[in-house]
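Here is a short report for a reader new to this structure. Please look over the sequence and the fold before reading on.

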Amino acid sequence: TQLLEQSPQFLSIQEGENLTVYCNSSSVFSSLQWYRQEPGEGPVLLVTVVTGGEVKKLKRLTFQFGDARKDSSLHITAAQPGDTGLYLCAGAQPGANNLFFGTGTRLTVIP
Amino acid sequence: NAGVTQTPKFRVLKTGQSMTLLCAQDMNHEYMYWYRQDPGMGLRLIHYSVGEGTTAKGEVPDGYNVSRLKKQNFLLGLESAAPSQTSVYFCASSYARRGYTFGSGTRLTVV
């Protein structure tokens, strides 16, 4: 049983379209992070959200942390081929020394 | 600015052989982690360390041992490799539980 469920697992869209990926849990997290991983490389941190309801923007990417701190979403506006990759969410539970990772959403943006 | 360096990048082992994966970070991070990444399973924590001389078990520690003799290095050992240990291994480091910096991975095949 995964602590963090991501959906969809796979997403293939045309360049210029918008998309949203979700990260859900029944557990509360003190913070949640989003990473992007490209083939043959390790994940790279995109953002950390720590406050329930928090919204952060990174260019065309918008991240939101749920009010109850159990879920998060990543919205990409006008997707580009460079956005292609595996998107991972990761949560820090209170008192734990490590992050728990979701299984990821594999995004392909077709030119 | 090397960040996190993993060696080797690729390795093929025969069942029963042993090996050590090396991880070095130059960011003076206290926390270091070893994860394995398998299709459909996401990143699963093997062992981690919260400081020099300390180690702790993660989600999937069986068949692996670790050592953190120096703050900048975290070693992952396989004493008797099994085909189930075929995977991509990632090392990461962090300052406390903030964003992780990952290495580029070691692709291990056990035949």
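The report takes the sheet of chain A, then the sheet of chain B, then the interface.

## The model

This is a predicted model. Local features are described where pLDDT is at least 70.

Chain A has an open sheet of five strands. Their order is 1-3-8-7-6, and the pairing is antiparallel. Two strands sit at the edges: strand 1 (5-7) and strand 6 (55-58). Each of these pairs on one side only. From one strand to the next, the twist averages 15°.

Now walk across the sheet from strand 1. Strand 1 of chain A pairs with strand 3 (residues 19-24) of chain A over three bridges, in the antiparallel sense. Here A:Ser7 has A:Tyr22 of strand 3 as its bridge partner. Strand 3 of chain A also pairs with strand 8 (residues 71-76) of chain A, again antiparallel, over six bridges. In this pair, A:Val21 stands opposite A:Leu74 of strand 8.

## Two hairpins in chain A

Strand 8 of chain A is joined to strand 7 of chain A by five bridges, and the two run antiparallel. A:Gln64 has its bridge partner in strand 8: A:Ser73. Strands 7 and 8 of chain A form a hairpin with five residues between the strands. In that hairpin A:Arg69 takes a positive phi near 60°.

Strand 7 of chain A also meets strand 6 of chain A. Four bridges join this antiparallel pair. The bridge partner of A:Leu58 is A:Leu61, in strand 7. This pair is a hairpin too, with two residues between the strands. Which residue in the turn has a positive phi? A:Lys59 does, at about 55°. A:Lys59 lies in the loop between strand 6 and strand 7 (61-65) of chain A, and its phi is a positive value in a residue other than glycine.

## A cis bond in each chain

A:Ser7, the bridge partner of A:Tyr22, is joined to A:Pro8 by a cis peptide bond. Omega there is about -10°. A:Pro8 lies in the loop between strand 1 and strand 2 (10-14) of chain A.

Chain B has a cis peptide bond between B:Thr7 and B:Pro8. Omega for this bond is about -5°. B:Pro8 is placed in the loop between strand 1 (4-7) and strand 2 (10-13) of chain B.

## The sheet of chain B

In chain B, four strands form an open sheet. The order is 1-3-8-7, and the pairing is antiparallel. Strand 1 and strand 7 (64-67) of chain B are the edge strands, each pairing on one side only. Neighbouring strands are turned by 20° against each other on average, direction ignored.

Strand 1 of chain B runs antiparallel to strand 3 (residues 19-25) of chain B, and four bridges join them. One of the residues paired here is B:Gln6, whose bridge partner in strand 3 is B:Cys23.

## Where the chains meet

How many residues of each chain are in contact with the other? Chain B brings 19 residues and chain A brings 22. The area buried between the two chains is about 1500 Å². Carbon and sulfur atoms give 52% of that area.

What polar links cross the interface? The rule finds four residue pairs in polar contact, with both residues at pLDDT 80 or more. The count of salt bridges between chain B and chain A is zero.

Two strands of chain B each supply at least two residues of the side that touches chain A. They are strand 4 (31-38) and strand 5 (42-49). By class, the residues on this side of chain B divide into eleven nonpolar, six polar and two charged.

Definitions and conventions
Residues numbered from 1 in each chain as written. Chains lettered and ligands numbered in written order. Predicted model: local features only at pLDDT ≥ 70, side-chain atom pairs only at ≥ 80, totals over all residues. Heavy atoms only, no water. Contact = heavy atoms within 4.5 Å. Buried area = accessible area lost by both parts, 1.4 Å probe. Salt bridge = Lys/Arg side-chain N within 4 Å of Asp/Glu carboxyl O. Polar contact = N/O pair within 3.5 Å; in protein donor to acceptor, adjacent residues only side chain to side chain. Nonpolar A, V, L, I, M, F, W, Y, C, P; charged D, E, K, R; others polar. Pairing = 2+ DSSP bridges. Axes fitted to C-alpha atoms, helices over the stretch in contact; angles between N-to-C directions.
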